[in-house]
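Hi,

Here is the structure I said I would pass on.

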Amino acid sequence: MADSKPLLSLDGDPAAAEALLQDVFGIVVDEVIRKGTSASEKVCEWKEPEELKQLLDLELRSEGESQEQILERCRAVIRYSVKTCHPRFFNQLFSGLDPHALAGRIVTESLNTSQYTYEIAPVFVLMEEEVLKKLRALVGWSSGDGVFCPGGSISNMYAMNLARYQRYPDCKQRGLRALPPLALFTSKECHYSIKKGAAFLGLGTDSVRIVQADERGKMIPEDLEQQIRLAEAEGAVPFLVSATSGTTVLGAFDPLEAIADVCQRHGLWLHVDAAWGGSVLLSQTHRHLLDGIQRADSVAWNPHKLLSVGLQCSALLLRDTSNLLKRCHGSQASYLFQQDKFYDVTLDTGDKVVQCGRRVDCLKLWLMWKAQGGQGLERRVDQAFALARYLAEELKKREGFELVMEPEFVNVCFWFVPPSLRGKKGSPDYNERLAKRWRPSSRRAW
């Protein structure tokens, strides 16, 4: 490739630029969409790191390459990448490909704007608020606030920061010296971003108090009460409880009504990490799993997971109507957020977040919703539940497979029991020997 004729700059040559993009789009349609979604094709053409480096020729050189070389680069990137849209891809909490959401992603990338002011992103500022309003309504709130974040981990961290600021607003200026020792509470089945967020915010991982979960992975409210009292006895100030709706491995839903009662008694901020399970709110059949979520102060919800919107689409929703997001995160940069603009400056949402530039994440969800309607999305969620139940029943029929528990959500957790251990479940060392041989599998059915 290195000996081919270099590609001249496409600047000032719109015909050449259009031709290149047409060719790239053709490759994407053929290699990603058509082949990538075919069960007869591989999920991934796996290569070890050193071999893959050689195949991709990753080195960046001073001379450019021809258009033919660039197109071959695109083909190689696709060839050796994991096809997360493939029907046999089960590795993560996201998968599949929705064509309307992909269309929204293509338009988003083509327009290449930032979601911080109305003057630079008028369509998307209004669209984001409408989408967030719809998500809040599904939670059960008639008003509130929110923002799209770069992932559920950041949404969780925002909630922690907002809860801290609401209780101790001086910390924005004075920092950690304005704070007593703080304590937040979450279950042992929580997402690891809770501890990461505590470390990043300067609270320290020791501030995260772990609450016990029952045999199905649900937080035990009685232990939450006990942990709060223990933290107070040790001189810490409780300020937040992070419950989970749809844990990563078991797919557990914490009992939100009982947890909300505890938070109300102690005056604590209730955050619900519904990054995985939030989309269940679309299902009239299954939304009871999140009963009590309307009592939360904040909710994290990732439509890019169960709804297959595409990475990334993560909403932080707030019940607050006092402009807490902007008060907590704003810095009033005069060169960007002028107060004498020719439109309503409350439409400039950039000071709600810690970022400056912020990508548009609302269009793909909005366009998919427009195409599918709420009823179509509900059917998608219900189908995922049905597939999980089908998989669980099929596992029961096959020798050597053992369910960890009956699924409540779309997580189906099971053991594969090797022949040497079959029929020996009652033996004293059965669990230890099984754990040494295999890790329990968890598959999400959709």
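This is a predicted model: local features need pLDDT of at least 70, side-chain atom pairs count only at pLDDT 80 or more; totals for chains, interfaces and linings use all residues.

Seven strands make up an open sheet with mixed pairing, and their order is E1-E7-E6-E5-E4-E2-E3. The edges are taken by E1 (145–149) and E3 (208–211); each has a single partner strand, so one side of each has no neighbour in the sheet. On average, neighbouring strands are turned by 20° against each other, ignoring direction.

Val272 sits opposite Val299 in E6.

H10 (residues 256–266) touches E4 and E5, and its direction makes about 155° with that of E5. H8 (residues 193–200) lies across E2 (182–187), E3 and E4 (237–244), running at about 160° to E3.

**Two crossing helices**

Next, look at H5 (residues 122–139) and H12 (residues 363–396). Their axes come within 10 Å and cross at roughly 65°, and the crossing is left-handed. On the H5 side the contact involves Phe124, Met127, Val131, Lys134, Leu135 and Leu138, which meet Leu363, Leu365, Trp366 and Trp369 in H12. Sorted by class, that contact has nine nonpolar residues, one charged and no polar ones.

Which residue here carries a UniProt feature? That is Lys305, where an unreviewed UniProt entry places "modified residue: N6-(pyridoxal phosphate)lysine". Lys305 is in the loop between E6 and E7 (314–318). Its relative accessible area is 15%, under the 20% cut-off, so Lys305 counts as buried. Leaving aside residues up to four places away in sequence, Lys305 touches Leu93, Phe94, Ala275 and Trp276.

Ser308 lies in that loop between E6 and E7 as well. Ser308 is not a glycine, yet its phi is positive, about 60°; at 11% relative accessibility it is buried. Gln312 is also found in the loop between E6 and E7, and the peptide bond from Leu311 to Gln312 is cis, with omega near -10°. For context, most residues other than glycine have a negative phi, and most peptide bonds are trans.

**One more positive phi**

Asp57 has a phi near 50°. Asp57 is in the loop between H2 (49–56) and H3 (67–79), and is partly exposed at 26% relative accessible area.

Cheers

Notes:
Residues are numbered from 1 along each chain as its sequence is written. Side-chain values use heavy atoms; hydrogens and water are left out. Axes are lines fitted to C-alpha atoms, for helices over the stretch in contact, and angles run from 0 to 180 degrees between N-to-C directions. Helices (H or I, at least four residues) and strands (E, at least two) are DSSP runs, numbered from the N terminus. A crossing is left-handed if the near helix is turned anticlockwise from the far one by less than a right angle, and right-handed if clockwise. Contact means heavy atoms within 4.5 Å. Ala, Val, Leu, Ile, Met, Phe, Trp, Tyr, Cys and Pro count as nonpolar, Asp, Glu, Lys and Arg as charged, and the others, Gly among them, as polar. Two strands pair if DSSP finds at least two bridges between them. UniProt positions are given in the numbering used here, feature names are shortened, and annotations may be inferred rather than shown by experiment. Buried means under 20% relative accessible area, exposed over 50%, partly exposed in between (1.4 Å probe, protein chains only).
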